[in-house]
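This report describes a single protein chain from its fold down to individual side chains. The sequence and model come first, and the text follows.

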Amino acid sequence: MCLRYARRMTIDNRAINTDRNDVLRLLSSDVDIKYLNHSKNSRSLLVSRYLSIVSAQLFKGQISDRPAETTMATKHLSGDSVEPPKVPGLYRFYSMRFCPYAQRVQLVLNAKGIPHDTVFINLSDKPKWYLDIFPAGKVPALIFDGNFLSESLLLADFLDEQFPEPPLWNCSPLQKILDKIVIESFSKVGTAFYKLIFTSETVEEINFNELIASLIPVEAELAKRGSKFFGGK
């Protein structure tokens, strides 16, 4: 499945150089038009959408039956902005709409029905207030009981422990570590995909072949498990 999607997205250069309207149709929510003013930003949306689709395969494909109470900003906040007031009862989640690592945590929040509000950060012009509380200025990040937490995989594990239903991991310790090895190895896919998209204006065969090669073991693992998900059915 991952391999078929990669081929469809990259074999034809026209698929990469999608115009703004096509990119907007790929997204389910509003975006800041300034992020679409450069062809590579349009490409980054496609990369982000691709990685979020594949990341979803790492989970069980089930969504909590208790919907989360959420609020979400519509624009990315920049240097001279003011932090929105926190909403009582909601965890504050700092994100960037097109960041696949932030989307990884967003998937966990949604799957578990965790009440949260999302604030989008402009990573090209980071708000001063955000740098004051988090000098690294990265996303994703989460405020939990007054503590500032970051790093997507660590956040995913933390949220899984705090909100155990539905579980992200197999209950078998052996299967759990095997699943984590798959996630770790998948980083090669993301690297190859970004390289293909951003290194030139046209699809270079060597970069395309590198992406396909990185997906082959991932596809083999899916076939071995007999499912379109790495965990569950």
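Does isoleucine 177 count as buried, partly exposed or exposed? Isoleucine 177 counts as partly exposed because its relative accessibility is 48%, where buried means under 20% relative accessible area, exposed means over 50%, and partly exposed lies in between (1.4 Å probe, protein chains only). This is a predicted model, in which local features need pLDDT of at least 70 and side-chain atom pairs count only at pLDDT 80 or more, while totals for chains, interfaces and linings use all residues. Residues are numbered from 1 along each chain as its sequence is written, and side-chain values use heavy atoms, with hydrogens and water left out.

**Overall fold**

The chain contains 9 helices and 5 strands; helices (H or I, at least four residues) and strands (E, at least two) are DSSP runs, numbered from the N terminus. Along the sequence, the pattern is α-α-α-α-β-β-α-β-α-β-β-α-α-α. Of the 233 residues, 46% count as buried. The chain exposes about 12300 Å², of which carbon and sulfur atoms supply 57%; accessible areas come from the Shrake-Rupley method with a 1.4 Å probe, and for residues only the protein chains shown count as cover. Among contacts (heavy atoms within 4.5 Å) between residues at least 6 apart in sequence, 66% join residues at least 24 apart.

**Strand S2 and its partners**

S2 pairs with strand S3 (residues 116–121) in the parallel sense over 5 bridges, pairing being assigned if DSSP finds at least two bridges between two strands. The path from S2 to S3 passes through helix H5 (residues 100–111), and this β-α-β crossover is right-handed, that is, with the strands pointing away from the viewer, the path from the first strand over the helix to the second runs clockwise. Arginine 92 stands opposite aspartate 117 in S3. S2 is also joined to strand S4 (residues 141–144), by 3 bridges, and these two run antiparallel. Alanine 141 in S4 is the bridge partner of tyrosine 94.

**Salt bridges**

Side chains of opposite charge can pair when their charged atoms come close. The structure holds 10 salt bridges, each defined by a side-chain nitrogen of Lys or Arg within 4 Å of a carboxyl oxygen of Asp or Glu. Three of these pairs are tabulated.

| Pair | Closest N and O atoms |
|---|---|
| Lysine 112 and aspartate 160 | 2.8 Å |
| Aspartate 132 and lysine 128 | 3.2 Å |
| Arginine 225 and aspartate 179 | 2.6 Å |

Lysine 112 forms its salt bridge with aspartate 160. Lysine 112 lies in the loop between H5 and S3 and aspartate 160 in helix H7 (residues 152–162), so the pair ties together parts that are 48 residues apart in sequence. Lysine 112 counts as buried because its relative accessibility is 0%; aspartate 160, at 12%, also counts as buried.

Arginine 225 and aspartate 179 form another salt bridge. This pair links distant parts of the chain, with arginine 225 in helix H9 (residues 205–225) and aspartate 179 in helix H8, 46 residues apart. Arginine 225 is buried at 18% relative accessibility, and aspartate 179 is buried at 9%.

Aspartate 132 and lysine 128 are 4 residues apart in helix H6 (residues 128–133), and are therefore separated by about one helical turn. Aspartate 132 is exposed at 52% relative accessibility, and lysine 128 is exposed at 55%.

A network of salt bridges links Glu83, Lys86, Arg92 and Asp117.

Isoleucine 177 is located in helix H8 (residues 173–198). Together with Leu174, Leu178 and Ile181, Ile177 makes a nonpolar surface patch of about 380 Å². Patches are made of residues with over 30% relative accessible area and no salt bridge; like charges are joined within 9 Å, and nonpolar side chains (Val, Leu, Ile, Met, Phe, Trp, Tyr) within 5 Å.

**Backbone details**

The peptide bond from valine 139 to proline 140 is cis, with omega near 5 degrees; proline 140 lies in the loop between H6 and S4. A cis bond also runs from glutamate 165 to proline 166, with omega near -10 degrees, and proline 166 is in the loop between H7 and H8.

Aspartate 145 has a positive phi near 50 degrees and lies in the loop between S4 and strand S5 (147–150). Aspartate 145 is exposed at 62% relative accessibility. Glutamate 151 has a positive phi near 80 degrees, lies in the loop between S5 and H7, and is partly exposed at 37% relative accessibility.
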